[in-house]
Structures are given as C-alpha cells and as structure tokens.
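Reader: I am new to this structure and would like to learn how to read its features one at a time. Could you take me through them slowly?

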Amino acid sequence: MFIQFIKFGMVGAVNTVLSYLITNGSYYLLHLHEQISNLLSFLITVLISYLLNSRFVFRQQEEGRQPWYKALAKVYASYALTELVLMGILLFVQERIMGLPHYIATFVNLCVTVPLNFVLNKFWAYRKRNETV
C-alpha cells in the first residue's frame, strides 16, 4: 500500500503541474473566465488522474473489475468532494477566520486532501465489485 501511495503522489504531482498550466493557459491565453478555467482544469486533470491511476497505481485484474465508467464517476465524485467541497470549506476557515495566507492554507490542505483522496480511490473508486471494505 505504501508503494501505491507513492505512485498516487507521483500522479498527483503530474496533475498539479498540468492543472496549473491548464488553468493559467486557458485564463491568460484563451481569456476564459477564471472559474471556467478552473472547471476546465478540474475536468481534464481528474480524467488524466483516472487514466494514470487505473493503469499504474490501482491495477486490477479483469476478473471482478467494475465497469470503467463507474470507476470514473466515483473518481470524479471523490475529487469533487475533496477538492471542491472540503478544500473550499477549509480555505474559508483557514483564510477568513484564522487569517492564514493562501499559500500556507493550500499547502496545509494538501496534507489533508491527498491522503483522503488516496483512501477514497483505493477503497471506493477502484474497489472490485465483490470486495468489501
């Protein structure tokens, strides 16, 4: 499981760079609204995360594997929960109530969301059909 977590982190590092490039590229080069740029980045990087994680991190044998579209939907749901909902709440509390600078709050949040995403992906999104938690 430790090796899986390291691989998961490597996929996350690639996606972080891609997210930054997509968000800023679509905002500055394509002149899209910042929220549209953010949404576009989210949709693309979660798809890439699914493709990389399903192939290199959470490899599954054909037997017992759930359909790809169900796993993909679960991956989008887990990232929406952690990256959009939880991160939004944490940032509000940390920045508005506690007064933490944004760059510190986002780093602290990675320490919460990365392990949570790993657990959600490993035990929910990529779980085999007949496997129990």
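**Reading the helix packing**

Author: Helix 3 (residues 68-97) and helix 4 (residues 102-125) pack with their axes 9 Å apart, at an angle of about 155 degrees. Helix 3 is therefore roughly antiparallel to helix 4, where angles under 35 degrees count as roughly parallel, over 145 as roughly antiparallel, 65 to 115 as roughly perpendicular and the rest as oblique. This is a predicted model, in which local features need pLDDT of at least 70 and side-chain atom pairs count only at pLDDT 80 or more, while totals for chains, interfaces and linings use all residues. Residues are numbered from 1 along each chain as its sequence is written, and side-chain values use heavy atoms, with hydrogens and water left out.

Reader: How should I read the packing of helix 1 and helix 2?

Author: Two packed helices are described by the angle between their axes and the distance between the axes. Here the axes are lines fitted to C-alpha atoms, for helices over the stretch in contact, and angles run from 0 to 180 degrees between N-to-C directions. The axes of helix 1 (residues 2-28) and helix 2 cross at roughly 155 degrees and come within 8 Å, and these two helices are therefore roughly antiparallel to each other. Their contact divides into eleven nonpolar, eleven polar and two charged residues.

Reader: How many helices and strands does the chain have?

Author: The chain has four helices and zero strands, and its pattern along the sequence is α-α-α-α. Helices (H or I, at least four residues) and strands (E, at least two) are DSSP runs, numbered from the N terminus.

Reader: Which residues of helix 2 are buried?

Author: Buried means under 20% relative accessible area, exposed over 50%, and partly exposed in between (1.4 Å probe, protein chains only). In helix 2, the buried residues are Ser37, Ser41, Phe42, Thr45, Val46, Ser49, Tyr50, Asn53 and Val57, and what covers them includes helix 1 and helix 3.

Reader: What is Ser37 in contact with, leaving aside its neighbours within four places in sequence?

Author: Contact means heavy atoms within 4.5 Å. With those neighbours left aside, Ser37 is in contact with Thr23, Ser26, Tyr27 and Leu32, and the side chain of Ser37 reaches the backbone nitrogen of Tyr27 at 3.3 Å. Ser37 counts as buried because its relative accessibility is 0%.

Reader: Why does Tyr50 count as buried, and where is Tyr50 placed?

Author: Tyr50 lies in helix 2 (residues 34-57) and counts as buried because its relative accessibility is 9%. Leaving aside neighbours within four places in sequence, Tyr50 is in contact with Trp68, Ala71, Leu72, Val75 and Tyr126.

Reader: What is the phi of His31, and is His31 buried or exposed?

Author: Most residues other than glycine have a negative phi, and most peptide bonds are trans. The phi of His31 is near 60 degrees, a positive value in a residue other than glycine. His31 is placed in the loop between helix 1 and helix 2, and with a relative accessible area of 65% His31 is exposed.

How values were computed: A polar contact is a pair of N or O atoms within 3.5 Å; within protein, one must be able to donate a hydrogen and the other to accept it, and residues adjacent in sequence count only if both atoms are side-chain atoms. Ala, Val, Leu, Ile, Met, Phe, Trp, Tyr, Cys and Pro count as nonpolar, Asp, Glu, Lys and Arg as charged, and the others, Gly among them, as polar.
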